[in-house]
Amino acid sequence: MKTILVINDHSPEAIHAAKVGLLIAQHHHADLLLANCQTYAGKTLERAVAGGLYKDTGYARSENYLLDDLQCFNQSVNGFKPQISLAELSGAGEVAIAEFAAKNQVEMIVCGVMPDAGNPRSKLSNSKLLKKINCPLLLVPYGWEIKNIERMCYIAELRYCRLDVVTYLAHFAAPWPADVSIAHLCAKSLPEMEAKYAQTVFEQQYQNKVNYPRLLFTPVGERDVRLAVDVFIHAMNTDILVLVNQCFHFQDALGGSTVDHFPAHITVPLLIFP
């Protein structure tokens with residue numbers, strides 16, 4: 001993974017997501033790009049005359065305080081220290097951000113979301129952004145405990161499961177190393193797959209080609225996708241849910257919500273492939 005882009009609108013959820021982005025960059029030896037996509041509306045700190053230091057009154061912060069905080073935290077940890085850069089994209093729309101991401105070889109975009117709420121601060125639409133980008137979008141719900149990734153779950157119809165997605169997930173999971181589970185839920189319009197045949201398809205089409213030792217197959221008999229999502233999160237302790245935009249189970253997993261109005265029942269990061 002070369003570069004991770006974090007969308008920053010100076011909201012609490014964006015700050016939270018930036019810390020997740022830094023954690024991923026540290027594990028993947030990737031660069032981190034912090035994209036200021038919204039004009040900072042807070043109060044700017046005054047500079048002290050002597051020593052060129054900030055006068056911190058306790059309530060005002062500089063426009064690039066998040067960049068400063070990330071760099072301080074980056075220097076405090078052992079191991080690889082990503083290069084953290086700032087990109088001023090204030091006022092940029094979905095097309096401009098997608099073009100910027102492609103130009104800078106971004107392999108993941110990270111965006112913070114506030115569960116069960118719209119995003120009045122930002123003018124960006126994650127739904128529209130997913131139609132423009134060629135890399136996955138990681139939506140991080142505010143309040144999720146930042147931690148090392150141990151389990152990822154790709155919710156798919158096995159007969160239409162994308163090999164490129166599985167390959168990406170194996171690469172993403174390897175540094176931790178984390179389990180990657182292909183959770184097969186039969187599409188409503190298709191007949192059930194016989195268990196032995198489904199296992200053969202998994203082994204021949206995915207396990208043998210990806211060759212990741214922690215790649216697992218999880219056939220799910222439950223037809224209620226929303227209920228299955230709850231099981232993945234709360235019973236199986238999944239750290240990241242994975243979906244393909246507008247593919248099988250996408251709308252059902254969101255429970256009638258959209259990625260612009262993040263559903264409260266999804267309490268872990270959601271990685272969406274375009």
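Ile109 is buried, at a relative accessible area of 0%, where buried means under 20% relative accessible area, exposed over 50% and partly exposed in between (1.4 Å probe, protein chains only). The model is a predicted one, in which local features need pLDDT of at least 70 and side-chain atom pairs count only at pLDDT 80 or more, while totals for chains, interfaces and linings use all residues. Residues are numbered from 1 along each chain as its sequence is written, and side-chain values use heavy atoms, with hydrogens and water left out.

Ile109 belongs to strand S6 (residues 106-113). Helices (H or I, at least four residues) and strands (E, at least two) are DSSP runs, numbered from the N terminus. Beyond its neighbours within four places in sequence, Ile109 is in contact with Leu5, Ile7, Ala101, Ile133, Cys135, Pro136, Leu137 and Leu138, contact being defined as heavy atoms within 4.5 Å. Val6 lies 103 residues from Ile109 along the chain, yet the C-alpha atoms of the two are separated by 5.8 Å.

Strand S6 also holds Cys111. Cys111 counts as buried, with 8% relative accessibility. Its C-alpha atom is 5.4 Å from that of Ile7, a residue 104 positions away along the chain. Residues up to four places away in sequence not counted, Cys111 touches Ala17, Asn126, Leu137, Leu138, Leu139 and Val140.

The loop between S6 and helix H4 (126-130) contains Asp116. Asp116 touches His261, Phe262, Pro263 and Ala264, again without residues up to four places away in sequence. Between Asp116 and His261 there are 145 residues of separation in sequence, but 6.1 Å in space, C-alpha to C-alpha.

Contacts of this kind can be set against the protein as a whole. Among contacts with a separation of 6 or more, 80% are between residues 24 or more positions apart. The protein has 8 helices and 12 strands. It consists of 274 residues, of which 50% count as buried.

In soluble globular proteins, nonpolar side chains tend to be buried together. A nonpolar core is a set of buried Ala, Val, Leu, Ile, Met, Phe, Trp, Tyr and Cys residues joined through side-chain atoms within 4.5 Å. The largest such core in the model has 98 residues, and those with the most contacts inside it are Met152, Tyr154 and Leu241. Apart from neighbours within four places in sequence, Leu241 is in contact with Cys153, Ile155, Val229, Phe232, Ile233, Ile266, Val268, Pro269, Leu270 and Leu271.

Cys153 is buried, at 2% relative accessibility. The structure holds 0 disulfides, a disulfide being a pair of cysteine sulfur atoms within 2.5 Å. Cys161 is in no disulfide, and the nearest cysteine sulfur, that of Cys247, is 9.4 Å away. Cys161 is also buried, with a relative accessible area of 8%.

Both Cys161 and Cys247 line the largest cavity, together with Tyr154, Ile155, Ala156, Glu157, Tyr160, Val244 and Phe248. On a 1 Å grid over the protein atoms alone, a cavity is a set of points where a 1.4 Å probe fits but cannot get out, and lining residues have an atom within 4 Å of a point. Strand S8 (residues 151-156) provides the largest share of the lining of the largest cavity, with 3 residues.

Some backbone geometry remains to be described. Most residues other than glycine have a negative phi, and most peptide bonds are trans. Gln105 is not a glycine but has a positive phi of about 55°. This residue is in the loop between helix H3 (94-103) and S6, and Gln105 is partly exposed, with a relative accessible area of 48%. Asn211, also other than glycine, has a positive phi near 55°. Asn211 is in the loop between helix H6 (195-210) and strand S10 (215-220), and counts as exposed at 65% relative accessibility. A cis peptide bond, with omega about -10°, joins Trp176 and Pro177. Pro177 is in the loop between helix H5 (163-173) and strand S9 (179-185).

How values were computed:
1 Å grid on protein atoms, 1.4 Å probe; cavity = no way out; pocket = protein on both sides within 12 Å on 5 of 7 lines; lining within 4 Å.
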